[in-house]
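The sequence and the coordinates are shown first, and the description follows.

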2 protein chains.
Amino acid sequence: MFSIGELSRRCGVKIPTIRYYEQMGLIAAPERSEGNQRRYSSDGLKRLSFIRHSRELGFSIDDIRGLLELSRHPEQPCRDAHKLAAQRLADVRARIARLKRLEQELQRISDCGADRIAHCAVIETLADHSLCDTEH
Amino acid sequence: MFSIGELSRRCGVKIPTIRYYEQMGLIAAPERSEGNQRRYSSDGLKRLSFIRHSRELGFSIDDIRGLLELSRHPEQPCRDAHKLAAQRLADVRARIARLKRLEQELQRISDCGADRIAHCAVIETLADHSLCDTEH
DNA sequence: ATAATCTCTTTAGCGACTATAGGTTCAAGA
DNA sequence: TCTTGAACCTATAGTCGCTAAAGAGATTAT
């Protein structure tokens, strides 16, 4: 049995964030000490680790609610879990693609050799989208 | 002289967003019709295009305030504009790197052949970070 | 016993919008 | 000219995933 501060240190999740997850229904309300302070067991630790890892992979709070629900039914098919993971993967790939286009564009306008705003590619390009090489 | 709806259509920026930009001080308050409706000229169009394009490249509202200020002084050196662009470029590159790690991880756990939650890599990996290949 | 550190709840703030409600104005057709 | 319906106005609240702050109470170490 340990305090919220201890849980926070062990999981690398900030204290207010833990309370926020509890409020959002991701974590069950834990037992309390005599003086009304939260007391967690290793179960709480596992669950929070799951949540943290899921967040790092970009799952939304809502997604995680679903994944946690799934993980409580080990005998069920895991189609849904794969679906969520596949969606995230597609999303991550789309974002990478988009960011790569932005990278090119920023690279291009950063290479401008001008030293006055009047001829600066950064400002010019922002002002006139038609100067862009890529679509966005 | 055209309405906010017209401006919205021409720039591809939603009406409430235009009003929000005005409130944030990115766009000067435009003239008004007899009946108090906003009336824009091509200047407003240019400015909003600049803003839109900047947002697409990931500049913050604050960055854009700075860039707009710079663009009003064409005779000045453009060091600051390049600095902002370089920062964005570094940021975009960092995000690409991070997303690529996530992509690998999601790819790996998506490849799981199990059909029951009990043996599903998605759920297992989320529950136990130590199964991860990459750091995050 | 006391001091230092934690923890509690509640409330508000962040960025960049987006949505809603309830009212006013505009432009086009009859 | 009148009417209708679309577009517009302001003000306020909600979104997401936290984060910060205030003010009070609990725990732990000395």
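This is a predicted model: local features need pLDDT of at least 70, side-chain atom pairs count only at pLDDT 80 or more; totals for chains, interfaces and linings use all residues.

## The interface between chains A and B

The contact between the chains involves 48 residues of chain B and 48 residues of chain A. On the side of chain B that touches chain A, two or more residues come from each of helix 3 (42-56), helix 4, helix 5 (79-110) and helix 6 (121-127) of chain B. Helix 5 of chain B gives the largest share, with 19 residues. By class, this side of chain B consists of 25 nonpolar, twelve polar and eleven charged residues.

The copies meet through the same surface, because 100% of the interface residues of chain B are also interface residues in chain A.

## Architecture of chain A

Chain A contains six helices and two strands. Along the sequence, these elements follow the pattern α-α-β-β-α-α-α-α.

The radius of gyration of chain A is 23 Å, whereas a compact globule of 136 residues would have one near 14 Å. Taken along the principal axes, the C-alpha atoms of chain A fill a box of roughly 70 × 40 × 20 Å. Of the 136 residues in chain A, 27% are buried.

## The surface near DNA strand C

There are 22 residues around DNA strand C, and those that come nearest are A:S3, A:G5, A:R38, B:G35 and B:S60. Four helices each supply at least two residues of this surface: helix 1 (4-11) and helix 2 (15-23) of chain A, and helix 2 (15-23) and helix 4 (61-71) of chain B. The class composition of the surface near DNA strand C is five nonpolar, ten polar and seven charged residues.

## The surface near DNA strand D

Around DNA strand D there are 21 residues, of which A:G35, A:S60, B:S3, B:G5 and B:R38 come nearest. Two or more residues of this surface come from each of helix 2 of chain A, helix 1 (4-11) of chain B and helix 2 of chain B. The surface near DNA strand D divides into five nonpolar, ten polar and six charged residues.

## Helix 4 of chain B

The buried residues in helix 4 of chain B include B:I64, B:L67, B:L70 and B:S71. These four residues lie on the same side of helix 4 of chain B, because they cover an arc of only 120° around the axis. The buried residues of this helix pack against helix 6 (121-127) of chain A and also against helix 3 and helix 5 of chain B. Helix 4 of chain B is also among the elements that give two or more residues to the side touching chain A, and it supplies at least two residues of the surface near DNA strand C.

The face turned away from the buried side of helix 4 of chain B carries the exposed residues B:D62 and B:E69. B:E69 counts as exposed because it has 11 C-beta neighbours inside 10 Å, and the limit for an exposed residue is 12 or fewer. B:E69 and B:L26 are 43 residues apart in sequence, while their C-alpha atoms are 9.7 Å apart in space.

A:N36 is not a glycine, yet it has a positive phi of about 75°. A:N36 is placed in the loop between strand 1 (31-32) and strand 2 (38-39) of chain A. It is exposed, since 6 other C-beta atoms lie within 10 Å.

In chain B, B:N36 likewise has a positive phi of about 75° without being a glycine. The loop that holds B:N36 runs between strand 1 (31-32) and strand 2 (38-39) of chain B. B:N36 counts as exposed because it has 6 C-beta neighbours inside 10 Å.

Note on methods: Residues are numbered from 1 along each chain as its sequence is written. Chains are lettered from A and ligands numbered from 1 in the order in which they are written. A residue is near a molecule or strand if its C-beta atom, placed from the backbone, lies within 6 Å of it. Ala, Val, Leu, Ile, Met, Phe, Trp, Tyr, Cys and Pro count as nonpolar, Asp, Glu, Lys and Arg as charged, and the others, Gly among them, as polar. A residue is buried if 20 or more other C-beta atoms lie within 10 Å of its own, exposed if 12 or fewer, and partly exposed in between; C-beta atoms are placed from the backbone. Two residues are in contact if their C-beta atoms, placed from the backbone, lie within 7 Å. The radius of gyration is taken over C-alpha atoms; the globule rule is 2.2 Å times the number of residues to the power 0.38. The arc is that of the directions from the helix axis to the C-beta atoms.
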